[in-house]
Amino acid sequence: MRLLVVEDEADLARTLKKALEEEAFAVDLAADGEEGLFRVVGTAYDAAIVDVMLPRRDGWSLIEAARESGVRTPVLVLTARDTVEDRVRGLNLGADDYLTKPFALAELVARVQAIIRRSYGSPSPRVTAGDVHIDTAAKRVYRDGALIDVTSREYAVLELLVRSRGKLVTRARICEHIYNEDTDVLSNVIDVHVASLRRKLGPDVIHTRRGEGYIIDA
């Protein structure tokens with residue numbers, strides 16, 4: 001899963017990036033509202049974490065402009081203010097959840113995972129395709145009840161394919177989904193991840209559409 005963090009406090013931004021990457025997220029940072037809006041409009045993020053108090057454009061304006069541009073990325077708002085009026089304003093502008101500073105990193109991660117699940121129409125942390133089951137909270141993969149050992153990148157690829165089951169997912173979409181903008185990606189890296197998953201899960205789970213991408217049957 002790929003996230004955008006829009007936060008002008010550099011130390012907090014780095015802390016959030018590190019914590020989220022430890023949970024197997026790919027994370028991009030934006031230091032002000034204008035940069036954040038540019039990124040969220042131009043990239044298909046799985047979720048965005050947006051501080052309210054930002055230079056150049058505040059978080060409320062960013063969310064409002066993003067929604068007016070048709071962006072459906074779920075947004076978690078960070079703010080030091082905890083009034084009912086602020087929470088209502090954020091939700092009415094298109095935010096999906098709200099977290100007041102200071103906060104526990106574990107709660108932030110849990111809230112991000114929850115808004116992503118809701119965006120895929122699956123409030124449960126378990127997603128399934130046939131006999132393949134993924135526990136998105138624990139980041140674990142099972143087939144026929146047996147735990148399958150996968151790397152963080154393999155997990156990210158498989159989670160996207162399972163959540164998109166029945167739909168073709170292009171290599172470009174997978175790459176955009178699991179790598180941030182700072183990562184140099186080899187042209188065949190997605191094929192390598194898929195080949196490894198096939199060895200671990202069996203050859204009948206992930207199907208190739210030659211020249212197009214991959215699909216897991218619904």
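Colleague: In which helix does E154 lie?
Modeller: This is a predicted model: local features need pLDDT of at least 70, side-chain atom pairs count only at pLDDT 80 or more, and totals for chains, interfaces and linings use all residues. Residues are numbered from 1 along each chain as its sequence is written, and side-chain values use heavy atoms, with hydrogens and water left out. Helices (H or I, at least four residues) and strands (E, at least two) are DSSP runs, numbered from the N terminus. On that count, E154 lies in α6.

Colleague: Is E154 buried or exposed?
Modeller: Buried means under 20% relative accessible area, exposed over 50%, and partly exposed in between (1.4 Å probe, protein chains only). The relative accessible area of E154 is 5%. So E154 is buried.

Colleague: With which side chain does E154 make a polar contact?
Modeller: Contact means heavy atoms within 4.5 Å. Leaving out residues up to four places away in sequence, E154 touches H193, S196, L197 and K200. A polar contact is a pair of N or O atoms within 3.5 Å; within protein, one must be able to donate a hydrogen and the other to accept it, and residues adjacent in sequence count only if both atoms are side-chain atoms. At 2.7 Å, the partner of the E154 side chain is that of K200.

Colleague: Which backbone oxygen lies 2.9 Å from a polar atom of the S164 side chain?
Modeller: S164 sits in the loop between α6 (152-163) and β10 (169-170). Its relative accessible area is 14%, so S164 is buried. The oxygen at 2.9 Å belongs to L160.

Colleague: Which side chain does the R56 side chain meet in a polar contact?
Modeller: R56 is in the loop between β3 (47-51) and α3 (59-68). Its relative accessibility is 65%, so R56 counts as exposed. Beyond four places in sequence, R56 is in contact with D32 and E34. The polar contact, at 3.4 Å, is with the side chain of D32.

Colleague: Which residue caps the N-terminal end of α3?
Modeller: Look at the backbone nitrogen of W60. A side-chain oxygen lies 3.2 Å from that nitrogen, and the capping residue that supplies it is D58.

Colleague: What is the relative accessibility of M1?
Modeller: M1 is in the segment before β1. Not counting residues up to four places away, M1 touches A24, F25, A26, D46, I116, Y120, A156, E159, R163 and H177. M1 counts as buried, with a relative accessibility of 3%.

Colleague: What share of contacts between residues at least 6 apart joins residues at least 24 apart?
Modeller: Buried residues make up 49% of the 218 residues. Among contacts between residues at least 6 apart in sequence, the share joining residues at least 24 apart is 59%.
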